[in-house]
Structures are given as C-alpha cells and as structure tokens.
Amino acid sequence: MSTLQKYRTLLEIPDEMQLLTLGEGHTPLVRSRSIGPDLGLKNLFFKLETLNPTGSYKDRFAALALSGLLADRAPICLATSSGNTGAALAAYSTIANIPCHIALIDGTPMGKLTQMYAHGAHLWMLKDFGKDVKKTDEIFEGLKGIAREYNTGIQVSAFSTQPFAMQGVQTISYELCDRGNQPQDVFVPAGGGGLTLAIARGFQKWSLAHKALHTTRVHCVQPEGNDTMASAIRNGKRAAPVDKSTTTISGLQVPSILDGNDVVREVTETGGNGYLVTDQRIMEWQESLARKEGIYAEPAGAVSVAGLERALQQGEINVNDNVVCIITGHGFKNTSAAKPEVVHINEFKELKKLLNKL
Ligand SMILES: *Cc1c(COP(=O)(O)O)cnc(C)c1O
C-alpha cells in the first residue's frame with residue numbers, strides 16, 4: 001500500500017480522490033555505523049529519502065499534487081523548481097497524463113535537468129530566479145497570472161502555496177513514529193522551509209492522534225548563505241528574506257520567506273532549534289556519508305548531518321537521544337562538483353601489475 005494510502009486518515013484527502021503512486025515513501029531508516037559513534041552518539045539514524053522514485057522526498061509531495069490536479073482535471077502542471085520538485089512532478093505528470101511546465105531556478109544542476117527532460121517536462125530557466133529576491137518575487141507574481149489563465153495553481157513545494165499536496169510530506173514523520181521508537185531529535189535541511197514544517201506538523205498530528213508519550217524536537221538547518229529562518233528561530237525573531245542567496249547548495253537557495261514564519265513558530269513549539277552551517281562543511285559531510293556509511297547524498301541531503309554536528313558542538317543534544325538525520329536527495333542528482341580520480345590504462349597487463357602492487 002502506498003504511504004499516502006496507508007496514512008490517509010491522518011491527511012485531509014477527499015474520500016473520492018484516487019491516489020497516484022510510483023512507490024514513494026516507506027524509505028529505510030538505517031543506523032549509522034561510523035558517523036554516529038565518531039560524534040559520540042549512541043543512536044543516530046539516517047532516513048534515506050534518496051531512495052524515493054525520483055531520488056528525493058519531493059515524490060511524497062508530487063504524488064499528492066498530481067492526484068489533486070487529476071481530480072481537478074487541470075490542463076497543465078505548472079511549477080517552479082530548483083530541480084527536485086520538478087523531477088518529481090515531471091515523473092508523476094507522466095502517469096497523470098498531464099503536461100508539465102517548470103520554471104527553473106537559475107543554475108539548476110544538469111543531473112536534475114536531465115531527469116526532468118527524461119520525463120518529458122517543458123523547461124524554462126529564468127535569469128536570477130531564486131537568487132535575487134526582488135526578481136524572484138516578480139517572476140512568481142507573473143507565474144500566478146499564467147496559473148489563473150489556465151485555471152490551475154502553481155506547484156511549489158511549500159505550504160504557503162500548496163498546503164494540500166504538502167501534507168504528503170508529513171508521511172515522513174508518520175513512518176518515523178510508526179516504528180514505535182519515536183525519535184527525540186530530527187535534523188532537517190531547509191530552503192523555503194516546507195519540508196521542516198511538514199515534518200513538524202506530521203509529528204504534531206501523530207501525537208494528537210496517538211496520544212504519544214513525547215514529541216520530537218524538529219531542528220531547522222540552513223547554509224550560512226541563506227539564513228532566512230535558522231537565526232530567527234534561535235533569537236526568537238521573525239523569518240526574514242535575504243537579498244541574495246550566496247550558498248552554492250542546490251535546493252537550498254531560497255531567498256524568499258515561503259513557509260519561514262510558520263517554521264519559526266512551529267519548530268520552536270517542538271523544542272527544536274535553528275542551525276547554520278558552511279557550504280564547505282556540507283561538502284565534507286557529503287563525502288563522509290559516501291565514504292563511511294555507503295550513502296550517496298547530494299550536498300543538500302547532507303546538510304542535516306552538518307547541523308547535527310553544530311548541535312553537538314553547542315552541547316544542545318543529549319548523546320543518548322535517538323536522533324534522525326533526514327537525507328533528502330540522491331547524489332546522482334548533482335555531480336557537477338565531483339572530480340573522480342580514474343587511472344587510465346592502455347594495456348591490460350599494466351592493470352595486473354598495478355593490482356599486484358596494492
Ligand atoms: C527541496 C529540498 C530541500 C529543502 O526543502 P524546503 O522545503 O525548501 O526547505 C532539501 N533537500 C533537498 C534534496 C530538496 O530537494
């Protein structure tokens with residue numbers, strides 16, 4: 001049974017709505033073998049959202065988004081994306097048989113473009129979109145006009161625009177709770193904050209429905225170059241846009257607020273905190289995940305681990321806690337920074353010689 005179907009009673013889905021699925025969700029929770037012990041944590045787990053059909057948690061959103069568009073007989077799926085939302089929507093659009101049009105964040109990496117194109121999506125890359133807050137907001141207003149013309153919405157993976165489809169992402173929390181071992185802390189990479197908010201709301205809804213013993217602290221982790229929420233959570237302020245997003249981490253370059261104010265309030269209510277991490281540290285954790293844990297994440301997917309490290313440095317996590325890092329997207333999606341070392345060999349016998357020396 002699909003995760004949306006399984007947890008349907010915890011989601012507000014009209015009874016008659018047919019739910020599309022490509023096998024999203026039910027992602028593995030694996031115990032850390034090396035990073036956890038190295039950090040002094042007894043119970044660190046990774047939730048592998050990398051193993052969704054299109055390689056990121058956005059499939060949980062897209063499955064419900066396209067189910068909704070199909071029920072509404074929408075003529076097109078119109079979206080904005082830095083890549084993963086687009087890849088997910090493009091895939092689910094094929095099974096809904098609805099053409100998919102995606103306004104891309106300037107600089108969307110090739111892996112993600114290739115994936116969207118493979119599913120037949122129409123791609124528009126708009127200069128400075130997602131980088132400069134003023135231009136981003138202007139373009140977004142323009143897209144709203146197009147959406148009205150087509151009598152449809154804009155698919156953005158944020159509650160501020162798509163509260164219905166974003167509920168699909170709450171299934172991450174339901175899956176984590178359903179094991180009977182609800183974590184004390186969850187670390188979440190954040191751009192516009194929709195993912196963080198969905199996870200916080202998922203735990204809250206589960207607690208209400210199951211009279212759970214404790215709540216999970218949900219922590220919001222952002223790159224320093226896109227601090228719209230993390231410092232605000234820490235300082236009890238409101239979320240604030242950044243003029244220019246300076247982080248290089250694809251997926252987290254979101255200078256606008258989107259779900260920011262709800263994130264600040266609801267993360268604080270869970271007892272969670274905000275953490276800022278450098279791009280360099282994110283890349284180092286991406287490498288550690290790949291080399292020590294066998295988990296290939298895109299840089300954005302490793303942000304949660306960088307946030308956990310900060311929390312431990314600041315003495316804000318109990319080492320006996322059950323901690324989960326959400327690994328949000330697959331490494332295959334963004335390989336542009338990778339420089340694999342390859343030994344080129346002309347004659348096979350040279351290979352034998354080299355192997356004998358190892
Ligand atoms: C979209 C995305 C995020 C961030 O989600 P927001 O809702 O914008 O905070 C994190 N990691 C990956 C891989 C993503 O695709």
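Is F332 buried or exposed, going by its relative accessibility? And please take me from there through its aromatic partner and on to the packing of α11.

Guide: Happy to, bearing in mind that this is a predicted model. F332 has a relative accessibility of 61%, so it counts as exposed, the cut-off being over 50%. Searching the whole structure turns up five aromatic pairs. One of them joins F332 to Y296 in an edge-to-face arrangement, with 5.7 Å from centre to centre and 80 degrees between the planes. This pair ties together distant parts of the chain, 36 residues apart: Y296 sits in the loop between α12 (279–292) and α13 (299–313), while F332 belongs to the loop between β10 (322–327) and α14 (348–357). Elsewhere, Y7, Y174 and W206 make up one aromatic cluster.

Now for α11. Its axis and that of α9 come within 9 Å, crossing at roughly 40 degrees, with α9 spanning residues 194–210 and α11 residues 260–270. That angle is why α9 counts as oblique to α11. The crossing of the two helices is left-handed. On the α9 side the contact uses T196, L197, A200 and R201, and these meet D262, V263, E266, V267 and T270 of α11. By type, the contact residues split into four nonpolar, three charged and two polar.

Which residues of α11 are buried? They are G260, V263, V264, E266, V267 and T270. This buried set packs against α9, and also against β8 (217–223) and α10 (230–235).

While we're on backbone angles, most residues other than glycine have a negative phi. Two exceptions are worth a glance. R73 isn't a glycine, yet its phi is positive, about 55 degrees. You'll find R73 in the loop between α3 (58–71) and β3 (77–81), and its relative accessible area of 75% makes it exposed. D128 is another non-glycine with a positive phi, near 65 degrees. D128 lies in the loop between β5 (122–125) and α6 (133–149), and with a relative accessible area of 24% it is partly exposed.

Notes:
Residues are numbered from 1 along each chain as its sequence is written. This is a predicted model: local features need pLDDT of at least 70, side-chain atom pairs count only at pLDDT 80 or more; totals for chains, interfaces and linings use all residues. Side-chain values use heavy atoms; hydrogens and water are left out. Axes are lines fitted to C-alpha atoms, for helices over the stretch in contact, and angles run from 0 to 180 degrees between N-to-C directions. Helices (H or I, at least four residues) and strands (E, at least two) are DSSP runs, numbered from the N terminus. Angles under 35 degrees count as roughly parallel, over 145 as roughly antiparallel, 65 to 115 as roughly perpendicular and the rest as oblique. A crossing is left-handed if the near helix is turned anticlockwise from the far one by less than a right angle, and right-handed if clockwise. Contact means heavy atoms within 4.5 Å. Ala, Val, Leu, Ile, Met, Phe, Trp, Tyr, Cys and Pro count as nonpolar, Asp, Glu, Lys and Arg as charged, and the others, Gly among them, as polar. Rings of Phe, Tyr and Trp (its six-membered ring) pair if their centres lie within 6.5 Å; planes under 30 degrees apart count as stacked, over 60 as edge-to-face and the rest as tilted. Buried means under 20% relative accessible area, exposed over 50%, partly exposed in between (1.4 Å probe, protein chains only).
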